[in-house]
Amino acid sequence: MNIDIVCVGKVKERYLRDAIDEYRKRLSRFAKVDVIEVADEKTPEHASDTLNAQIKEKEGERILKHLRDGAFVVALAIEGDQLTSEQLAARIAQWGLHGVSHLQFVIGGSLGLDPRVLRRANMMLSFSKMTFPHQLMRVILLEQIYRAFKINAHEPYHK
């Protein structure tokens with residue numbers, strides 16, 4: 001299976017980059033994982049709703065250029081479905097059984113995702129009603145994907 005993490009912005013903190021690299025390495029047994037970073041827009045403090053919408057639109061255009069026609073797209077969004085690790089594992093297994101060979105997970109910038117990206121998504125997934133830094137979310141997402149593959153392989157890790 002091919003898995004892309006399409007995300008806005010670069011990760012500056014070394015400890016987060018190290019964690020991302022570690023989970024990509026662990027996942028390499030199960031899938032080919034690519035992290036695709038698109039440029040983020042500077043968001044001024046106290047920006048108007050109109051400016052915020054324009055920023056999300058620009059970031060959304062960059063994301064949409066990387067979403068592939070045959071891929072199953074999962075957008076991370078606070079209003080998405082909340083799943084347990086076991087439920088995510090079951091979904092990934094189910095997608096594979098139904099012929100999905102390319103998964104693309106999308107993480108937006110600090111303002112979230114453009115509505116066009118959400119409409120393109122086959123599923124919206126929420127990790128919590130809380131807000132997380134989008135750089136940290138990459139680590140959390142990769143860890144959960146790794147956990148899902150370990151669960152599906154009936155290997156110890158997830159307990």
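Buried means under 20% relative accessible area, exposed means over 50%, and partly exposed is in between (1.4 Å probe, protein chains only). The model is predicted, so local features need pLDDT of at least 70 and side-chain atom pairs count only at pLDDT 80 or more, while totals for chains, interfaces and linings use all residues. Residues are numbered from 1 along each chain as its sequence is written, and side-chain values use heavy atoms, with hydrogens and water left out.

**Single positions**

Helices (H or I, at least four residues) and strands (E, at least two) are DSSP runs, numbered from the N terminus. Asp-114 sits in the loop between E4 and helix H4 (115-120). With a relative accessible area of 6%, Asp-114 is buried. Contact here means heavy atoms within 4.5 Å. Once neighbours within four places in sequence are left aside, Asp-114 is in contact with Lys-56, Glu-57 and Gly-60.

Gln-87, in helix H3, counts as partly exposed because its relative accessibility is 39%. The C-alpha atoms of Gln-87 and Ala-148 are separated by 8.6 Å, although the two are 61 residues apart along the chain.

Two histidines have a positive phi although neither is a glycine: His-46 at about 60° and His-154 at about 55°. His-46 is found in the loop between E2 and H2, and His-154 in the segment after H5. His-46 counts as exposed at 79% relative accessibility, and His-154 counts as exposed at 75%.

**Nonpolar cores**

A nonpolar core is a set of buried Ala, Val, Leu, Ile, Met, Phe, Trp, Tyr and Cys residues joined through side-chain atoms within 4.5 Å. The largest such core has 33 residues, and those with the most contacts inside it are Ile-3, Ile-5, Trp-95, Leu-103, Phe-105, Ile-145 and Phe-149. At least two residues of this core come from each of strand E1 (2-8), helix H1 (14-27), strand E3 (72-82), helix H3 (85-97), strand E4 (102-107), E5 and H5. The most is given by H5, with nine residues. Another core, of 14 residues, lies apart from it; among its members are Val-38, Ala-75, Leu-113 and Ala-121.

Which residues does Ile-5 touch, not counting those up to four places away in sequence? They are Asp-34, Val-35, Ile-36, Phe-105, Ile-107, Leu-141, Leu-142 and Ile-145.

**Pockets**

On a 1 Å grid over the protein atoms alone, a cavity is a set of points where a 1.4 Å probe fits but cannot get out, and a pocket is an open set with protein on both sides within 12 Å along at least five of seven lines; lining residues have an atom within 4 Å of a point. Grid points are joined across faces, edges and corners, and a volume is the space filled by probe spheres set on the points. For the linings, Ala, Val, Leu, Ile, Met, Phe, Trp, Tyr, Cys and Pro count as nonpolar, Asp, Glu, Lys and Arg as charged, and the others, Gly among them, as polar.

| Largest | about 500 Å³ | 13 nonpolar, eight polar, two charged |

The largest pocket is lined by 23 residues, of which Leu-76, Ala-77, Ile-78, Gly-112 and Thr-131 are the closest to its centre. E3, E5 and H5 each supply at least two residues of this lining, and the largest share, four residues, comes from E3.

The second largest pocket is lined by 17 residues, and the closest to its centre are Lys-12, Asp-40, Glu-41, Lys-42 and His-134. Strand E2 (32-38) and helix H2 (49-64) each supply at least two residues of the lining of the second largest pocket.

**Annotated binding site**

In an unreviewed entry, UniProt places the feature "binding site" at Leu-76, Gly-108, Phe-127, Ser-128, Lys-129, Met-130, Thr-131 and Phe-132. From this set, Leu-76, Gly-108, Phe-127, Ser-128, Met-130, Thr-131 and Phe-132 are in the lining of the largest pocket. UniProt positions are given in the numbering used here, feature names are shortened, and annotations may be inferred rather than shown by experiment.

Lys-129 is placed in the loop between strand E5 (123-126) and helix H5 (134-152), and Met-130 also lies in the loop between E5 and H5. Lys-129 counts as exposed at 66% relative accessibility, and Met-130 is exposed with a relative accessible area of 59%. Leaving aside neighbours within four places in sequence, Lys-129 is in contact with Ile-78 and Gln-82.
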